[in-house]
Amino acid sequence: MEWQLPIQKVEIGNINIGSPWSSTGKREYHQKPMAPLSYFGSQFRLPFLSILFPPLPVMEYTPGTGKLVLDMYETNLASIKLATLQDTLINAILYHQMGWFKSDFPKEDIKQGFQPIIQDHHLLLHCPYTEPGVGRSMYRNVPIFKNGEWGVFSPDDLKVGTRIRVAVKIHGISFLNRNDVAEWSGKCRLQHRIIGIIVQSIP
């Protein structure tokens with residue numbers, strides 16, 4: 001069982017951003033560097049950032065790409081908290097980029113190169129789906145709780161209007177390097193994984 005922090009309870013100042021080279025101890029541009037995120041509470045420390053969101057309606061789900069869009073408009077405070085977190089990470093990249101990558105991108109370029117996790121009160125997540133018996137085992141799909149029991153989700157579970165709670169584990173900030181030269185491209189995203197879905201209501 002992993003800890004999940006309700007988004008409303010997350011303290012932005014308790015989030016620690018590690019070096020994207022901390023796992024190797026040196027710059028290896030042939031690999032995809034990732035700055036790990038951890039959370040230091042007053043009485044506990046978590047080597048990751050795992051967030052539990054309030055019930056949110058599904059706006060869009062595309063099984064082919066795994067794109068999942070949830071509407072946070074009704075949970076304004078949670079939406080503001082997540083937007084603040086996103087902006088804090090962008091500012092941290094701006095501050096550390098010279099030490100990490102010897103780069104000097106302006107904030108606007110970093111903001112444009114950052115793949116958002118929230119935009120216009122929309123929570124943008126990656127929720128891949130594999131058909132049973134195809135490729136990976138079906139049990140690699142995200143677990144879902146509905147009708148009083150846990151199972152494995154299918155695209156029909158994420159129809160537009162369905163209200164769900166999602167637990168999202170954020171591993172860190174993943175940086176995309178250029179292929180032609182050993183340097184950061186200016187693009188990055190939050191490396192995350194949905195670790196559980198709870199169905200609250202079905203339209």
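This is a predicted model: local features need pLDDT of at least 70, side-chain atom pairs count only at pLDDT 80 or more; totals for chains, interfaces and linings use all residues.
## Salt bridges

The model contains 5 salt bridges. In one of them, the side chains of glutamate 74 and arginine 163 meet with an N to O distance of 3.5 Å. This pair joins distant parts of the chain, 89 residues apart: glutamate 74 sits in the loop between β7 and α1, and arginine 163 belongs to strand β13 (residues 163-177). Glutamate 74 is exposed, at 61% relative accessibility, while arginine 163 is partly exposed, with a relative accessible area of 25%.

Aspartate 87 and lysine 107 form another salt bridge, with their closest N and O atoms 3.8 Å apart. Here the link runs from helix α1, which holds aspartate 87, to helix α2, which holds lysine 107, across 20 residues of sequence. Both ends are partly exposed: aspartate 87 has 31% relative accessibility, and lysine 107 has 32%.

Lysine 146 pairs with aspartate 157, and the closest N and O atoms of this salt bridge are 2.4 Å apart. Lysine 146 is in strand β11 and aspartate 157 in the loop between β12 and β13, 11 residues apart. Lysine 146 is partly exposed, with a relative accessible area of 29%. Aspartate 157 is buried because its relative accessible area is 10%, and the limit for buried is under 20%.

## Positive phi values

Most residues other than glycine have a negative phi. Lysine 102 has a positive phi, near 60°. This lysine lies in the loop between α1 (76-101) and α2 (107-113). With 59% relative accessibility, lysine 102 counts as exposed.

Asparagine 147 also has a positive phi, near 55°. Its place is the loop between β11 (143-146) and β12 (149-152). Asparagine 147 is exposed, at 74% relative accessibility.

Threonine 75 is located in the loop between β7 (67-71) and α1. It is buried, with a relative accessible area of 18%. Leaving aside residues up to four places away in sequence, threonine 75 touches Pro54 and Leu56.

Glutamate 11 occupies the loop between β1 (5-6) and β2 (15-17).

Technical notes:
Residues are numbered from 1 along each chain as its sequence is written. Side-chain values use heavy atoms; hydrogens and water are left out. Helices (H or I, at least four residues) and strands (E, at least two) are DSSP runs, numbered from the N terminus. Buried means under 20% relative accessible area, exposed over 50%, partly exposed in between (1.4 Å probe, protein chains only). Contact means heavy atoms within 4.5 Å. A salt bridge is a side-chain nitrogen of Lys or Arg within 4 Å of a carboxyl oxygen of Asp or Glu.
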